[in-house]
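Reader: Could you talk me through this one? I have the sequence and the coordinates open.

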Amino acid sequence: MASIEMRNIVKQYGDGFPAVNDVSLDIADGEFMILVGPSGCGKSTLLRMVVGLEDITSGDMVIGDKRVNDLAPRDRNLSMVFQNYALYPHMTVFENIAFPLRLSKTPDDQVRRRVTEAADVLELQEHLDRKPANLSGGQRQRVAMGRAIVRQAEAFLFDEPLSNLDAKLRGQMRTEISRLQRRLGITTVYVTHDQTEAMTLGDRVCVLRKGKIQQVASPRELYEQPVNLFVAGFIGSPPMNFLPATVEGRRLETPFGAMELDDRRAAAVSGRDLLLVGIRPEYFEDASIVDEAKRPHGTTFRARVDVTEWLGDQQYAYIPYDAPEEVQNQLRELSRELDSEALRTQAIVSIDSTSRIREGREAEFWMDSRKAHVFDPSTGENLTRDAEAGAELTRLAEEDRQEQVEEARSRGESISGGDRRGAEVA
Amino acid sequence: MSRREKTWWIVGGIAIIIYALFPIAWIVSLSFKGPSDIANGQFLPTQLTWENYSLILTGAASDLFLPALRNSFGIVLIATAIASVLSMFAAYAIARLDFRGKKLILGTALAVAIFPVISIVTPLFNVWRNIGLYDTWPGLIIPYLSLTLPISIWTMSAFFREIPWEMEQAAQVDGATTWQAFRRVIVPLAAPGVFTTAIIAFFIAWNDFVYGISLTSTSAARPVPAALGLFSGASQFVDPTGSIAAAAVIVTIPVIVLVLIFQRRIVAGLTNGAVKG
């Protein structure tokens, strides 16, 4: 086990295109770090540079106090789970898992013991004699993980390991990975474009955009104190709503009425012209249901509902609004970058599932202004980010992690204990 | 598929099988005919006889045939083995590595493959005589490599390209050197390709006539196809048709056996289950 330290890592391809641009990232020993971003943001390239499958153009890659830039993958002692598993089809499951041990010339009895242990953890005992071709997707995935955990690697690297599984299995395997990581307490770097995985698995999440780090923070900090428009739009599903706004003193004029700001945020936005207000769907509510005590913290407005989606436990309403040309272009650009296609400017709001608001009618909504962020539309910068509050969230998450790791270590190798833990963590 | 269509497919299939197998059946039938039967115009021999086979295996023609058979086996197997190993390395490099002159190598291989053999046989004859390779095993193995290597490299690199690159990367991360990854992961996965290539190379060398007849003069190195051309009848008035037919049947047997043995290895789809599914 070791920490991983990246200092000003750059990856430039032959045509001069920088896939990874000046990335510096410290991953602590035992930490679960997520690399996330839309396709083409350089997250996989970065992971492959850690493991040594991709050359580093410039910068230092330090694993456990040793600079590994010029080491071959086999000398870095890392284990990796590939997106398509990359199992060896001509070997049995046993030999697949044992392969790293065979290469290191481990004695036979030790190989058998360690493969059996790994198979126990992953519940693969009855499949050890089968060939990968005869296994289901989830079983193959577990074999790939078995191959990773069978030797004492410095760190685990996952390259979108769940993207080939169906949704239900993905949820299960996510829990399993989380449980395993906590139990083994091993440094883990996990690449994904799925933000559910990013939010649930990571101690910290590193959001990348076009090869550059946007923000590294705990999932909570990313969600509550995003550093810019990109992170705010990427984290959260349905995504954050961005409304055009103009400043008038302490008030922001939005298509959904005026919004009062507190002193800190008012100071941050004063003297600006056109702005974007970011409000998460759950900060909206059907005005008729809102708690009287909460009502003064926000504003109410009337709007026509385009579509509603009732999901049982929650309900979404889509409210179209008009935006100036320049804001529309900005938002369209952003959604293209986030791999989605916003055809019209509309707000997605989450309302109580018992709400009787109907499609095509006008309805009254309430909007909580306390947690709204204000962004500069040209630079995308979050003008109202509270860095201290954010850092506090990440610090709390770090404390939680330390506690969990301690607990897992004191519990030792008990598998059933690990099981219960895993369920809680996920 | 309608019934009518199906019938046509069956009829067509049978026609093709007859077209392809009739000459072979004829050769087999000829090999069992006695001298008086040969020209009687009937398909089946009036009386089955092993005369032709005993003539070439133990009789007068055995001096010509048996050493030729031994030469053919030896030379062709060595040439095939060398071609397979060399083309395995070459194809791996072509499929996996980026190096200058890759296109040139593939282009040259193709050019060599389509170059008419007959045009280099005369200069080769002179060169071989001067450097002492004429009428020796290496004197045939080397030209056979020039026939088999290009096609082997082409087919094998196609097989190597099919293997997911992640396989090899996974092996490297697991702690394998490039050589270990090649030997323990890539080669086993490419085994069907290796066998297919080896069989194609074997056929090409086994069937060669031009080099065989031009670069040998005695039974020291003369291969079977060349020896067949030198058969003579029991007397100068008898055509050696029967014994040639018998020899032809015998040289066909190894080819058939080879295909039957490796048929199961030449199935594609060994990589099933390597990646997602």
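Reader: Fine. What is the basis?

Author: This is a predicted model, in which local features need pLDDT of at least 70 and side-chain atom pairs count only at pLDDT 80 or more, while totals for chains, interfaces and linings use all residues. Residues are numbered from 1 along each chain as its sequence is written, and chains are lettered from A and ligands numbered from 1 in the order in which they are written.

Reader: How many helices and strands in chain B?

Author: Chain B has 11 helices and 0 strands. These are DSSP runs, with helices being H or I of at least four residues and strands E of at least two, numbered from the N terminus.

Reader: And what box does chain B fill?

Author: Its C-alpha atoms take up roughly 70 × 65 × 30 Å along the principal axes.

Reader: Switching to chain A, how is it divided?

Author: Chain A splits into domain 1 (4-222 + 397-425) and domain 2 (238-384), with bounds from an automatic or database domain assignment. The centres of these two domains of chain A, taken over C-alpha atoms, are 38 Å apart.
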